[in-house]
Amino acid sequence: MRRIPLLGSFLLGSFLLGSLLLGSLLLGALACTPGSQTSDAEEAERTSWLAHGRTADEQRHSPLAQINAGNVSQLGLAWSFETGQGRGHEATPIVVDGAMYITAPWSVVHALDAKTGELLWTHDPKVPRAWGRRACCDVVNRGVAVVDGRVYVGTIDGRLVALEAATGKVIWDVNTIDRSKPYTITGAPRVVKGKVLIGNGGAEYGVRGYISAYDAVTGALAWRFYTVPGDPSKPFEHPELEQAAKTWNGSWWELGGGGTAWDSMAYDPELDLVYVGTGNGSPWARTLRSPGGGDNLFLSSILALRPDTGELVWYYQTTPADNWDYTAVQHILLADLEWEGKPRKLLMQAPKNGFFYVLDRETGELLSAEKFSRVTWATHVDLATGRPVETPEANYDEVDRVILPSPNGGHLWHPMSFHPGTGLVYIPVLEYAGFYSLDPDFQPIAEAWNLGMDIEGISEQIANSEIPAAWGELKAWDPIRQEAVWTVKHPGTFNGGVLTTAGNLVFQGTSDGRFAAYAADSGERLWEVLVRVGIVAPPVTYEIDGVQYVSVLAGWGGGGVIEGGDLEVAAAGKWENRGRLLTFALGEKGTIPVPKPLERKLADPLPELGVDAAGIKRGEGLFNAYCLPCHGILAMTTDVVPDLRFASAETHQQFLPIVLGGVRVHNGMASFSDVLSADEVTLVQAYIVERARATASED
Ligand code: CA
């Protein structure tokens, strides 16, 4: 078909607009030109994957149907690309004009030929690897935005960078954070009306959340909306915070407050509203964060903002006075559906707290909220007040509790998809419980998790309580009737994001390293390949030269995963976790690269450190404060980061140079010399040796 560069046809149109005297022939051309411009744009929109959620409503549904329920069994590997990195690969590939843009850990951007997989360029933003210590949930990145020949990426150390799409050359590189604080960026930017929107993460470490808008051309800051109020003795940055401050008590601003907007956004051009999800409180425990109570706005909320100014039009708080890390940062999905017999503009979200919310996205009115996973923290959401009704079992102020869902939610960041044909939302559900134990002696510490939780109490709970069964699901959910239509159960909890297509298909990868297609209407599994690398990223699909492709990033990791998720079933517990982009098409016969099996053996002999039981106990406390966020609870994890129980004799010999000297900082293992003494590091090592001995005795 004919391709006209958009800018060229626009200039032609403008020129003709100024030349109306040229007569009816050219007026005819004028009428025709904008028409072909629209159809070209529409064709690119239909066949490409231009934005994070494919379209501004973030439905993640493709109208392509060359691959369909009838022929998906003939899908094979067309090409693959090795990122050369382990750890979590969470990006949505963006496909524009035949090029694919992906991100890998440490915010590295790769541009590929979307038809062949040939590498066009790589941009490494050179994040100082020591910053990895400040990332609660792995050094992941969920992808780029590409608009008008520019690629935008947020970096794990809090920068927003614009690159030339053709070359990868840096156009601008701006700092979005207070660099003295442990902020991170893992989310994908969105571009709305010439502004690049980006939030940040860090609420586990004690920061204050916000979302910023930068001029897409110059990189100048246009506006910033803080999601929680700062010190009320100082002027509020914007008027909404004066109201919000009335819902807080104590000296929350000294603890950060939280509310980080680290993932979801969606845009409705008709209403001119951009929707942003906000995160949990910092610290988690509300009695510590805001003694005396209060809803703590705008934690765990959906915000509707004007993209030009950042002005708040409405908000809905899913979890008032969040106490469980129940963020509302999860995928926000917009659709126009019939609601009680009338077409209505809806917003849907399945946040961590386990309720599926349907809101009127014009007004923020709550229309319904029902449980899509096991939930013990609340009985229901009262539609009259819009508030959840908490259960007594949700309160862990006096008694340690096992609560559903876990702090990683009934649904985490892994994107859902809405299929307009079936009218269903497909949710990657996490079914497992969380452990809560209040730390009554909580004192915030710099550069560490500040949850207000007693981790040793949690370890004891894990050892001594009845633990509810854990699994994952792909759940087809009717958002109008608020019930499951079908469910596919997965052995692991941390599975991939979801793609639906007009071919009656749903695609999803899994924690145990499979990639599969299901019939969207029935849930029947129609195709599956063994990838042997766990998948958390969402697939995309696109068409080039008449061929439809399906692509997905493999590479397991992210929040919940590096802390020791799915130990028993994850592919990353069996094979090396190496990141790769896999692209499939009909009739292709490529071989999926096979990763090496993991070799895990205990150092023999384990070092004798001469530390007594009391010292090992102190080592456990230090491990929980500084090491657990990456190396896992009870020092157990998969091949996303090293499982320290299996540390080699050489690693044990080098323990002080590694932990204090930073000799492995290139791997993301920062020095902790600012917070730990040599004696303390030996106590941590003694705890790890103790865990290795315990593992040996289990075998
Ligand atoms: Ca969190």
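1. Aromatic pairs. In this predicted model, rings of Phe, Tyr and Trp (its six-membered ring) are taken to pair if their centres lie within 6.5 Å, with planes under 30 degrees apart counted as stacked, over 60 as edge-to-face and the rest as tilted, and by this rule there are 27 aromatic pairs. In one of them, tryptophan 324 and tyrosine 326, the ring centres are 5.6 Å apart and the planes stand at 25°, so the pair is stacked. Tryptophan 324 and tyrosine 326 are both buried, where buried means under 20% relative accessible area, exposed means over 50%, and partly exposed lies in between (1.4 Å probe, protein chains only).

2. A second stacked pair. Tyrosine 396 and tyrosine 436 also form a stacked aromatic pair, at 5.2 Å centre to centre and with 25° between the planes. Tyrosine 396 lies in the loop between strand E26 (387-390) and strand E27 (401-403), while tyrosine 436 belongs to strand E30 (residues 434-436), so the pair ties together parts that are 40 residues apart in sequence. Tyrosine 396 and tyrosine 436 are both buried.

3. Cluster and charges over rings. One aromatic cluster is formed by Tyr316, Trp324, Tyr326, Phe355, Tyr357 and Trp377. A charge is said to sit over a ring if NZ of Lys or CZ of Arg is within 6 Å of the ring centre and within 35 degrees of the ring normal. Arginine 133 lies over the face of phenylalanine 672 at 4.5 Å from the ring centre, and lysine 489 lies over the face of tryptophan 471 at 4.2 Å from the ring centre.

4. Basis of the numbers. Residues are numbered from 1 along each chain as its sequence is written, and side-chain values use heavy atoms, with hydrogens and water left out. Since the model is predicted, local features need pLDDT of at least 70 and side-chain atom pairs count only at pLDDT 80 or more, whereas totals for chains, interfaces and linings use all residues.

5. The chain as a whole. The chain has ten helices and 39 strands, which are DSSP runs numbered from the N terminus (helices: H or I, at least four residues; strands: E, at least two). For 699 residues, a compact globule would have a radius of gyration near 27 Å, and the 25 Å of the chain agrees with this; the radius is taken over C-alpha atoms, and the globule rule is 2.2 Å times the number of residues to the power 0.38. The C-alpha trace spans about 95 × 60 × 45 Å along its principal axes. Of the 699 residues in the chain, 61% are buried.

6. The calcium ion. Which residues coordinate the calcium ion? The donors are Glu204 (OE), Glu204 (OE), Asn280 (OD1), Asp325 (OD) and Asp325 (OD), at 2.4 to 3.1 Å, where donors are N, O and S atoms within 2.8 Å of the metal (3.2 Å for Na, K and Ca), and water is not among the atoms, so sites may look incomplete. The donor residues are spaced E-x75-N-x44-D in sequence. Asparagine 280, in the loop between strand E17 (273-277) and strand E18 (281-282), and aspartate 325, in the loop between strand E20 (312-317) and strand E21 (332-339), are 45 residues apart and link distant parts of the chain. Asparagine 280 is buried with a relative accessible area of 2%, and aspartate 325 counts as buried at 5% relative accessibility.

7. Alanine 266. Contact means heavy atoms within 4.5 Å, and, not counting residues up to four places away in sequence, alanine 266 touches Ala56, Glu58, Leu273, Val274, Tyr275, Ile332 and Leu334.

8. Backbone details to check. Most residues other than glycine have a negative phi, and most peptide bonds are trans. A cis peptide bond, with omega about 0°, joins leucine 297 and phenylalanine 298, and phenylalanine 298 is in the loop between helix H5 (286-289) and strand E19 (301-305). Another cis peptide bond joins leucine 404 and proline 405, with omega about -5°. Asparagine 504 is not a glycine, yet has a positive phi of about 60°; asparagine 504 lies in the loop between strand E33 (498-501) and strand E34 (505-509) and is partly exposed, with a relative accessible area of 22%.
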